[in-house]
Amino acid sequence: MTKAFWQLTMLLALVISGSATGSARVAEEQALKAAYLYNFAKFVEWPGHAEGEPLRLCVYGMERLGAPFEKIRGRTAHSRPIDVALVTGEAPSGVRCEILFISREAGEAADVGVIDLLAGQPVLTVSDIEGFSNRGGMIEFRNVGEHIKFVVNIGASRDANLIISAFLLQLALEVQGGRP
């Protein structure tokens with residue numbers, strides 16, 4: 001599984017670092033983030049879920065799901081099929097998600113409200129909003145040169161009773177909030 005993770009991530013990183021501009025670059029960045037989210041699902045453990053029960057990935061702040069997110073639908077992580085849902089409205093309250101990706105299009109103020117709303121719940125919160133992990137989000141995407149990396153707030157994930165694998169923590173640009 002670790003070799004496949006690296007292969008997929010490296011392949012998409014090469015695509016992203018190409019000479020694409022404008023909307024093609026945005027689409028490629030979205031593809032890489034979707035691939036990361038899929039792999040996060042494989043390297044995080046949630047409490048109390050039965051094998052075969054769908055694992056729900058919710059996307060908040062986008063107008064529509066792009067093809068990369070649609071390609072995740074039906075794949076499996078921990079013997080659970082992945083369901084992908086677009087969450088709309090002011091805040092994703094009342095929506096059942098195991099992973100919530102908050103797009104920067106939602107706006108920086110949105111992440112604070114969502115973090116407060118989901119505090120202590122077993123929902124992996126991920127965003128590409130700058131400073132997300134410092135405000136209590138669990139995983140923050142960061143653009144580093146031509147690459148997308150991620151920062152993990154291990155304290156926030158522990159508060160939500162999520163277990164992030166040591167392998168994923170080793171891949172992180174930075175681990176915040178205590179020893180893994």
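**A closer look at R80**

Analyst: Let me begin with R80, which counts as buried because its relative accessibility is 4%, under the 20% cut-off for that word; please keep in mind that this is a predicted model.

User: OK, and which strand does R80 lie in?

Analyst: R80 is part of strand β4, which covers residues 80–87.

User: What lies 2.8 Å from a polar atom of the R80 side chain?

Analyst: That is the backbone oxygen of P54, found 2.8 Å from a polar atom of the side chain of R80.

User: Let's zoom out. How many helices and strands are there in the chain?

Analyst: The chain has six helices and 10 strands, and 47% of its 180 residues count as buried. Looking at contacts between residues at least 6 apart in sequence, 61% of them join residues at least 24 apart.

User: Which residues touch the most other members in the largest nonpolar core?

Analyst: They are F40, F69, L124 and F150, in a core that has 40 residues. Helix α2, which runs over residues 22–42, gives this core its largest share, namely seven residues. Apart from this core there is another, made of 14 residues and including A85, A110, I115 and I129.

User: Back to F69, what does it touch?

Analyst: Leaving out residues up to four places away in sequence, F69 touches Q30, A34, L37, L57, V59, M62, V84 and F101.

User: And what does the accessible surface of the chain come to?

Analyst: The accessible surface comes to about 8,800 Å², and carbon and sulfur atoms account for 52% of that area.

Methods. Residues are numbered from 1 along each chain as its sequence is written. This is a predicted model: local features need pLDDT of at least 70, side-chain atom pairs count only at pLDDT 80 or more; totals for chains, interfaces and linings use all residues. Side-chain values use heavy atoms; hydrogens and water are left out. Helices (H or I, at least four residues) and strands (E, at least two) are DSSP runs, numbered from the N terminus. Buried means under 20% relative accessible area, exposed over 50%, partly exposed in between (1.4 Å probe, protein chains only). Contact means heavy atoms within 4.5 Å. Accessible areas come from the Shrake-Rupley method with a 1.4 Å probe; for residues, only the protein chains shown count as cover. A nonpolar core is a set of buried Ala, Val, Leu, Ile, Met, Phe, Trp, Tyr and Cys residues joined through side-chain atoms within 4.5 Å. A polar contact is a pair of N or O atoms within 3.5 Å; within protein, one must be able to donate a hydrogen and the other to accept it, and residues adjacent in sequence count only if both atoms are side-chain atoms.
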